[in-house]
Amino acid sequence: MALEDYRKKRNFEKTPEPEPRLGPTRKKGDELFFCVQKHLASHLHYDFRLEWNGVLLSWAVPKGPSLNSADKRLAMQTEDHPFDYGMFEGVIPEGYGAGIVMLWDYGTWEPESEDVDAALRKGDLKFRLDGYKLKGSWVIVRTHGYGGAPNSWLLIKHKDDWSGPIDITDFAPLSVKTPNADFAEILQGKTPDLWLSNAPARSGDTGAMFKKIIERALSMSSGNKHEDTKRTKPNKRKTSAAKETAPPKAPPKAPQKSTTKRAPKK
Ligand code: MN
């Protein structure tokens, strides 16, 4: 699979995103990698990526994955990304995807469909995830023209020990790479003032979110620690809801503590 679309959309002089490398980056027999990058750009979305044939198959999920098997989350397939992109977290100052990228989850995946390439062609891939936040059995299924869009799929959690009525994006909103960092902490020190007059989104909910994050990043940079207490925490109702339902059994951990995962090195 080619990474030409990925390359064409980016100017590697200007973006911190990795340039595709030549040659194989993975050995046969390695476990397959998956990740979800929470991406605050012109709109907030979650980029869901599955390693396959040396690249990361990619879908933008506007509402993010849901652990509730009754939810069907729209997932727009986007250009394949290089394997090295999988652990990327940072700030894209301008151009395509300008905004803040948080590594929201990562881990390994394994197919439940027998023939992955055939399943992808058919548009119905079943798989298991083993991440910090997302686990168990899932399916991603092509919808054939939802709203006329040819690249639209639905990401759905299968009912199992890891499904349940919990809003995982709300319950576990922070980074798994920089332990518990939020968008403002990722932006801190990366010249947030650059965006004071020219944020990737300036109106609506996303514009308001950017404004708050930029202000918080600036105040952290200037040493105002008091602002740190403003970080979003799950409210009590949601916390008790999480206790009533089984998942997630293990709370999100700092990725550094895991030695069993085969995650790409940065
Ligand atoms: Mn994105």
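**Exercise 1. Salt bridges at helix 1**

Task: Determine how many salt bridges a search of the whole structure finds, and state where arginine 7 and glutamate 19 lie.

Solution. 
Step 1. In this predicted model, the search of the whole structure returns 16 salt bridges.
Step 2. Aspartate 5 and lysine 8 are three residues apart in helix 1, so about one helical turn separates them. Aspartate 5 is partly exposed at 45% relative accessibility, whereas lysine 8 is exposed at 64%.
Step 3. The side chains of arginine 7 and glutamate 19 also meet in a salt bridge, at 3.3 Å from N to O. Arginine 7 belongs to helix 1 and glutamate 19 to the loop between helix 1 and strand 1, so this pair ties together parts twelve residues apart in sequence.
Step 4. Both ends have intermediate accessibility: arginine 7 is partly exposed at 29%, and glutamate 19 is partly exposed at 43%.

**Exercise 2. A salt bridge between a strand and a loop**

Task: Identify the parts of the chain that arginine 128 and glutamate 112 link.

Solution. 
Step 1. Arginine 128 and glutamate 112 form a salt bridge whose closest N and O atoms are 3.5 Å apart.
Step 2. Arginine 128 is in strand 7 (residues 124-131), and glutamate 112 is in the loop between strand 6 (99-111) and helix 2 (116-122); the pair, 16 residues apart, links distant parts of the chain.
Step 3. Arginine 128 is partly exposed at 33% relative accessibility, and glutamate 112 is partly exposed at 37%.

**Exercise 3. A network with shared partners**

Task: Name the residues that salt bridges with shared partners join into one network, and decide whether arginine 10 counts as buried or exposed.

Solution. 
Step 1. The network consists of Lys9, Arg10, Glu17 and Glu79.
Step 2. Arginine 10 occupies the loop between helix 1 (4-8) and strand 1 (32-40). Its relative accessibility is 11%, and therefore arginine 10 counts as buried.
Step 3. The side chain of arginine 10 makes a polar contact of 3.1 Å with the side chain of glutamate 17. Beyond four places in sequence, arginine 10 touches Thr15, Glu17, Glu79, His81 and Tyr96.
Step 4. Glutamate 79 sits in strand 4 (residues 73-82) and is buried, with a relative accessible area of 7%.
Step 5. The side chains of glutamate 79 and tyrosine 96 are joined by a polar contact of 3.3 Å. Outside four places in sequence, the contacts of glutamate 79 include Lys9, Arg10 and Tyr96.

**Exercise 4. The manganese site**

Task: Which residues coordinate the manganese ion, and what spacing do its donors follow along the chain?

Solution. 
Step 1. The coordinating atoms come from His39 (ND1), His45 (NE2) and Asp47 (OD), at 2.2 to 2.3 Å.
Step 2. Along the chain, these donors follow the spacing H-x5-H-x1-D.
Step 3. Histidine 39 is buried at 8% relative accessible area, and aspartate 47 is buried at 6%.

Note on methods:
Residues are numbered from 1 along each chain as its sequence is written. This is a predicted model: local features need pLDDT of at least 70, side-chain atom pairs count only at pLDDT 80 or more; totals for chains, interfaces and linings use all residues. Side-chain values use heavy atoms; hydrogens and water are left out. Helices (H or I, at least four residues) and strands (E, at least two) are DSSP runs, numbered from the N terminus. Buried means under 20% relative accessible area, exposed over 50%, partly exposed in between (1.4 Å probe, protein chains only). A polar contact is a pair of N or O atoms within 3.5 Å; within protein, one must be able to donate a hydrogen and the other to accept it, and residues adjacent in sequence count only if both atoms are side-chain atoms. Contact means heavy atoms within 4.5 Å. Donors are N, O and S atoms within 2.8 Å of the metal (3.2 Å for Na, K and Ca); water is not among the atoms, so sites may look incomplete. A salt bridge is a side-chain nitrogen of Lys or Arg within 4 Å of a carboxyl oxygen of Asp or Glu.
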